[in-house]
Amino acid sequence: MNIPEYEHYHETKAHADVLFPCNIYPCCIPVDFLSVPIHWHDEMELIAVKRGSGIIRVDMEPKEVHAGDLAVILPGQLHGIEHLPGQRMEYENIIFQVSMLMGEKADICSIDYFTPLLQEKSMWSGILTPESEGYGEFWACICQIDAICSEKTTAWQLAVKSSLYRFFYLYFRYTGKIPERKQDKSREKLKLVLKYMEMNYQEKITIAQMASLCYYSESHFMKFFRNCMGMGFTAYLNGYRLAMAARLLLTTDRAVSEIAADTGFDNISYFNRLFRKKYGTTPVQYRKGLEHENDHSNDA
């Protein structure tokens with residue numbers, strides 16, 4: 001299971017295909033999962049918090065968010081979602097290809113607004129809150145998209161595009177000309193490391209491999225990763241693997257030993273020890289506890 005599978009598992013009916021690359025689905029932390037590890041993708045993402053509170057990281061900066069907040073994630077931007085202890089957060093993801101709003105021939109909209117986003121030359125991401133200028137209009141766009149996708153009347157795809165166009169209009173109206181994103185070689189190297197880990201976490205991954213990927217010495221890589229992520233690479237890799245294992249515990253009935261092996265742990269005792277340290281319970285108890293919570297959620 002990689003990040004796209006991890007992030008999209010909750011979707012029960014596809015809203016997107018190659019002809020209409022826009023995906024909309026609800027999630028809940030911690031019922032669905034405790035966190036979405038730091039990752040990136042080529043699509044743009046809007047995260048609308050519907051109920052409760054949590055933490056969203058954008059380019060490694062953590063921000064506590066609450067019901068009504070809206071996170072704007074640019075294509076290629078590092079981001080993740082974390083559980084806030086004692087809180088439950090229900091949110092909606094709207095993930096789409098910016099190119100779906102562009103015509104085959106370049107026009108002023110593509111040149112001045114959309115192309116810079118695709119080339120990662122512009123930056124206007126962040127968190128919109130009820131105190132943000134024009135907030136009501138932004139949130140109305142999200143509500144319109146929800147209603148459109150719920151009803152799916154004739155030509156509903158055109159209506160979704162219309163709402164997305166209005167969202168972009170509002171953002172540029174209230175924020176002005178988008179500033180350039182500075183080229184950051186460290187960020188690009190970090191993205192390489194995270195993508196490699198995402199696609200290969202089931203296998204053995206060494207610091208030597210990651211250092212070679214970045215053209216760093218091992219000592220320089222360890223310092224680089226700690227400066228970027230606030231923890232050592234091995235600790236982060238184990239945390240990622242544990243997050244994948246926790247997801248499998250909830251969504252499958254596979255044996256704990258099998259899940260441990262399939263998420264990169266070749267020692268079940270080591271896996272159990274790390275899992276208990278991270279989640280405060282054993283893998284078996286974690287599975288039973290979240291199943292029980294889901295049962296209550298379904299009864300509500």
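Is Cys214 buried or exposed? Cys214 counts as buried, at 0% relative accessibility; buried means under 20% relative accessible area, exposed over 50%, and partly exposed in between (1.4 Å probe, protein chains only).

## Basis of the values

This is a predicted model, in which local features need pLDDT of at least 70 and side-chain atom pairs count only at pLDDT 80 or more, while totals for chains, interfaces and linings use all residues. Residues are numbered from 1 along each chain as its sequence is written, and side-chain values use heavy atoms, with hydrogens and water left out.

## Cysteines

A search of the whole structure returns zero disulfides (pairs of cysteine sulfur atoms within 2.5 Å). For Cys214, the closest cysteine sulfur belongs to Cys228 and is 9.1 Å away, too far for a bond. The sulfur of Cys28 has its closest cysteine sulfur in Cys27, at 8.7 Å, which is also too far for a bond. Cys28 counts as buried, at 7% relative accessibility.

Glu45 lies in strand β3 (residues 44–58); helices (H or I, at least four residues) and strands (E, at least two) are DSSP runs, numbered from the N terminus. Glu45 is buried yet has no salt bridge, and the nearest side chain of opposite charge, Lys195, is 11 Å away. In this count Lys and Arg are positive and Asp and Glu negative, with His and the chain ends not counted. The side chain of Glu45 has a polar contact of 2.9 Å with that of His41 and another of 2.9 Å with that of His79. A polar contact is a pair of N or O atoms within 3.5 Å; within protein, one must be able to donate a hydrogen and the other to accept it, and residues adjacent in sequence count only if both atoms are side-chain atoms.

The charged end of Lys195 sits over the ring of Trp40, 5.1 Å from its centre. The charged end of Lys191 sits over the ring of Trp40 too, at 4.5 Å from its centre. The rule for such a placement is NZ of Lys or CZ of Arg within 6 Å of the ring centre and within 35 degrees of the ring normal.

## Salt bridges

The count comes to 12 salt bridges, each a side-chain nitrogen of Lys or Arg within 4 Å of a carboxyl oxygen of Asp or Glu. One of them joins Arg166 and Glu137 (3.1 Å, N to O). This pair links distant parts of the chain, 29 residues apart: Arg166 is in helix α4 (residues 156–175) and Glu137 in helix α3 (residues 135–151). Arg166 is partly exposed at 36% relative accessible area, and Glu137 is partly exposed at 26%.

Lys195 forms a salt bridge with Glu198, with 3.3 Å between the closest N and O atoms. Both lie in helix α5 (residues 185–200), three residues apart, about one turn of the helix. Lys195 counts as partly exposed at 27%, whereas Glu198 is buried at 3%. Salt bridges that share partners join Lys50, Glu92 and Asp146 into one network.

## Aromatic pairs

The whole structure holds 24 aromatic pairs. Rings of Phe, Tyr and Trp (its six-membered ring) pair if their centres lie within 6.5 Å; planes under 30 degrees apart count as stacked, over 60 as edge-to-face and the rest as tilted. Phe221 and Phe224 form a tilted pair, 6.2 Å centre to centre with 50° between the planes. They are three residues apart in helix α7 (residues 218–229), about one helical turn, and both are buried.
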